[in-house]
Structure formats: C-alpha cells, structure tokens
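Please look over the structure shown here together with its sequence.

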Amino acid sequence: MIRARVKEVVDRCFQQGVENGNWSDAGAGKYAVELPKRKGQGDFATNIALVLAGVEKRNPREIAQQVADMLAAETALIAKVDIAGPGFVNVFIQPDVWRGIIPTIVDNGTQFGLSAVGDKRKVMVEFVSANPTGPLSIGHGRQAVLGDSIARLLEATGHDVYREYYFNDAGRQMRVLGESTRARYLEKLGLPNEFPEDGYQGEYIMDISQELIDEQGDSLKDEPDVTPFKEKAKDVIFKDIAGTLERMGINFDNYFNEQSLYDDGHIDDVVAKLREKGLVYEKDDATWFKTTEFGQEQDRVIIKNTGEPTYRLPDIAYHREKYKRGFDWMVDIFGSDHIATIPDVLAGMQALGYDESKVTVVLHQFVTLTREGKQVKMSTRKANFVTVDELIDMVGVDVVRFFFMMRKADSQLEFDLDLATKESQENPVYYVQYGHARMCSILEQAAGKGVEKVGFDQIDPSLLKEEEEMQLLKTMSQLPAVIEGAALDLAPHKVIFYLLDLAAQFHSYYNKHKVITEDVQLSQARLCLIEALRQVFSNALAIVGLTAPERM
C-alpha cells in the first residue's frame, strides 16, 4: 500500500520529466519500485534511472539526480532520497507515514490484506484427486493443504474460485482394489482365494471385507464379477477421504467422476476429434497421439493394445470439459509423478483448439516423515503407512497445515515429528501462534492494570520511535502485497515466511521493550501498535486456513 503510493509519486516524476523534455516516454512502464535487498538502502528503491539511461543513452547517475530532486519535493511522504551504485534511487519514508498504518489496519479489521486484483476472474483449482484406493497418504495431504491454501489466497485477492476433486474411479488400480477386497473377503470366510500380486495389503482392506460379510454374509462367495467388491471398497474409502478433508477444513464445490467421461462418450469423442485432424494413428495394435506435432520428442500412446486408455486420454477429455465450463484460469495441483503426462495433456488442449496457457500446473514434491532423525517408511499398499488422519492425531490440524506450507511446492518436505510435537518456540507453528496469544494477553493485562485502551487519534504517534517499532510497522504494511504475491504466484509458503519473520520481530520487540509501562501515554501508544499487529497476525493466519489462538 505504501509502495503503491511511492510508485504513484515515481510515475508523476517520470511524467513530469517527459513534459520538461528531460527524457522521452519510451521508458513508460519499464521501471519498478521494490523493497531494497540490504538494510540502510532506504525503504524502497527504484531502477527508473537505469531504465531511462538505457533508453536515452545517457549517464544513469545524472538521470538519478534529476529523479531524486523531484522526489525530494514530496515531503509529506518522503523523508530523504539518495543515489546508490550505478544509479539506483533509494527512498526513505517519513516516520509518520509508517505510523499511519495503524489506523488503516484497525479500521479495515479482518479485511486488511484482502484485495480485488483478481477482478472476479473465474478460476478452477483442481487438487487432491486421489484415487479411492486407500486412506489419504501424507503426500496427498500436502497436496490438499497446498490446493486449499492456494484457493483461499485467490479468494482473498478477488478471484471467483471453484474447487474441484477429480474422482478417479475407473481403470486398472480400481480393478486391483476390487480384486484385493474379494481376496480378503474370501479369506475371512475361510475359503480359497488368490490375492493379486500387486494388491492393496493395508489393514483397511480387511476392515472393508468384514463390512461386506456383516452386510451380505457369504452371498458373494461365488461372485465372478469384481464390481460389487470394487464399489464397496470405493464407497468406504472415499467416505474416509472426505472425512479427513473435512477434518482439515477443506471443502469442494464439485467431485468430478472420471467414469462419466466414458459413460457420456467424451473419451470416444476426443479420439474422434483428434483423428479428424490427422493427429491419431494406429501402431503395434495401440492408438497413438502425434504429440511430436506440438514440440515433443516422441508420440504418445493414448489407447493400449489391450483397448484400455492410458492416463493421458481421460485427462485430455477432462480438461476439455473444464474449458467448456468457461473458466478463465485452471490451476492443477499435482504430485511430481505427473510431470511426464502434463505436456501431453496440454498438447491435447492445443490440438483441440483451446488456449493451453489458461492452464497452470503446480507440481509438489513428496513428503518424508522423520522421527528421532530416522525416516518413517510409508506405502499406500502395505500395512505400515502413516495416514493424514494419524498425522493429525499426533500433531493437530494447524501443525499439519503449517508444516505442509513451510516449503515451496517443488521442494522436498521433511516433516519432523519430534519438532512438530514440541510446545516451545523451536516449533515454528507454536512460535507464530504464541505470538498472537501473547498479544491477546498483553491487551487483556492492560485492562487489568487500569490502562485504558484508546484510539489512534488519542495517542501521540511520535512515541512509537524505537527501531523495532518502526520495523514492525514496515513489515505490517507489507501484508497486502505479500497476499497478492502469494496468490498470483500460487505460493502459500510466502505467507508462512512472512508470519515467521513478523513473529521473530514481535518476540524480539517484546523481550526488549515493555508494552505496559508507568508512562500511560507510551503504554497507550504501544497498545495501539499491538492491537494492529494482532489483527495482521490473525488475518494472515486465517487467509491460509490457520487458527489464531488467544491463549496457549
């Protein structure tokens, strides 16, 4: 927000320079106002002189001096301007401007940090989309949190967000699930059975088989069709998945059923359309898509010689249905194991005449659980894997969500169970949430000590002059820009980094300066700061789906 004001002033200086004949308008929109990389280089820096020097073939420091002279006249906003390096212009903001962020935050309340930059753009976020073959693994748990937090950030910035789960209940994996369930059903009945070589061995399969026996007895013992076993397993597992997601505070607008792509003829229609365009051919009894026509090194099989489609074909058909529903932007959250099929799906969109740039794919790396420095092994097909529910039972929803957002999506995530269960400031979740609880406690103590809480217009803002106080104000003012950047970059970790930084600043300030002192005026000024800071913490936590406890 203050950076936007600085940018407006720099823009006016640029235009004034054009009108004065100092430079042409060729540099319009090519310069930026950024936060400086090092302390002491001002509150903001602009590269306008460097940009204009390149356009006008002039000395950048000479242009920088002209810009600095114009900026220095804006005394209501700017305290000082200096020139650094080859021609960067550093801007120092008036302290009262920073102090003025307090009433802005308090007046806006829970709305501070939100924006309308999305302009109601229709966005579909597809995430989780786990096959209902077992409870949610922690890999899918990371994807669930990543997708939900991205959706929340997009909503916070004025996008019209639609959340969808692609319900994959067709194909070989589901058949293996049914076969696994049938084998365990027969086993529990004491009858001969043949467990599939790559079957699902988790204890949950035994539980599902027992449910079948409780409901239908041995009536399915001679059933040759795997369908009733598959359908039972699918229903039980998906109910379990939905319960886990609800527990994490994650909801969907729609569950798109993969089987509908077959039942409604979309799969056959996509193949027919590609064939009409000469982009499909037969080889080795399989059907191939000419992905080489779209920059790929080799063509891809879309229907195997068994007649079964590869993953690419239903994914292409599904994405075509997304386009038909009129979304302006489609965000796909996938595990890194999908990296090979993404180019093929985008090639399919291009081949069918759709703008593939409307699809953005966020790939996330996998999660490693550690305890006492050793990896906790997992497998969704064996009985020793850790589910998201078990992880929540161990550390709680907030910790799970926070840890899953602590790293960039494309970074490997090590989930340290020992750290996650600590109730100390070593635990980053505790560190941040305790900051909010501590602020609530300060405000409560003030009332108990008879220090009346007053509005910003009743304090002397100049009393907020400590270096730590000014830094807090500057960081607090950045929340709207942080939320906007995290939303548009589809990067929730940026909010977590911001919260950790803000918490560090607050705890340092608290340890160095008393908020409630014998000086009533100073106490009231600092209480105004704490109230605004508490609001910033609360808002940032809420936007990414975390709670802001008042007591810990």
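## Leucine 527 and its surroundings

Leaving aside neighbours within four places in sequence, leucine 527 is in contact with Ile442, Leu443, Ala446, Val451 and Val515, where contact means heavy atoms within 4.5 Å. Leucine 527 sits in helix α21, residues 520-543; helices (H or I, at least four residues) and strands (E, at least two) are DSSP runs, numbered from the N terminus. At 2% relative accessibility, leucine 527 counts as buried, because buried means under 20% relative accessible area, with exposed over 50% and partly exposed in between (1.4 Å probe, protein chains only). From C-alpha to C-alpha, leucine 527 and glycine 455 are 9.6 Å apart in space, although 72 residues apart in sequence.

This is a predicted model, in which local features need pLDDT of at least 70 and side-chain atom pairs count only at pLDDT 80 or more, while totals for chains, interfaces and linings use all residues. Residues are numbered from 1 along each chain as its sequence is written, and side-chain values use heavy atoms, with hydrogens and water left out.

## The chain as a whole

The chain holds 21 helices and 15 strands, and its C-alpha trace spans about 85 × 65 × 40 Å along its principal axes. Of its 552 residues, 51% count as buried. Among contacts between residues at least 6 apart in sequence, 72% join residues at least 24 apart.

## A mixed sheet and the helix on it

An open sheet is formed by three strands in the order β14-β13-β15, with mixed pairing; two strands pair if DSSP finds at least two bridges between them. Its edge strands are β14 (374-376) and β15 (413-416), each of which pairs on one side only. On average, and with direction ignored, neighbouring strands of this sheet are turned by 45 degrees against each other. Axes here are lines fitted to C-alpha atoms, for helices over the stretch in contact, and angles run from 0 to 180 degrees between N-to-C directions.

Strand β13 (residues 367-371) pairs with β15 in the parallel sense over four bridges, and threonine 368 has glutamate 414 in β15 as its bridge partner. Helix α15 (residues 397-405) packs on this sheet and touches β13 and β15, its direction making about 150 degrees with that of β15. Strand β15 has a covered face with Leu413 and Phe415, whereas its uncovered face carries Glu414 and Asp416.

## The enclosed space

Where is empty space left? Rolling a probe the size of a water molecule over the atoms shows this. On a 1 Å grid over the protein atoms alone, a cavity is a set of points where a 1.4 Å probe fits but cannot get out, and lining residues have an atom within 4 Å of a point. Grid points are joined across faces, edges and corners, and a volume is the space filled by probe spheres set on the points.

By this rule there is one cavity of 30 Å³ or more, and the largest cavity holds about 80 Å³ of space. Its lining includes Asp315, His319, Asp332, Phe334 and His338. The elements that give two or more residues to this lining are α12 (312-324), β11 (329-335), α13 (342-351) and β12 (359-364), and α13 gives the most, with three residues.

## Single residues compared

Lysine 234 is found in helix α9 (residues 227-247). Leaving aside neighbours within four places in sequence, lysine 234 is in contact with Pro132, Phe167, Asp169, Met174 and Leu177. Aspartate 119 lies in the loop between α5 (101-108) and β5 (122-126), and its phi is near 50 degrees, a positive value in a residue other than glycine. Lysine 120 is also placed in the loop between α5 and β5, with a positive phi near 60 degrees, again in a residue other than glycine.

| Residue | Relative accessibility | Class |
|---|---|---|
| Lysine 234 | 10% | buried |
| Aspartate 119 | 66% | exposed |
| Lysine 120 | 69% | exposed |

## Cysteines

How many disulfides does a search of the whole structure find? The search finds zero disulfides, a disulfide being a pair of cysteine sulfur atoms within 2.5 Å. Cysteine 440 is in no disulfide, and the nearest cysteine sulfur, that of cysteine 528, is 16 Å away. At 13% relative accessibility, cysteine 440 counts as buried, and cysteine 13 counts as buried at 2%.

Note on methods: 1 Å grid on protein atoms, 1.4 Å probe; cavity = no way out; pocket = protein on both sides within 12 Å on 5 of 7 lines; lining within 4 Å.
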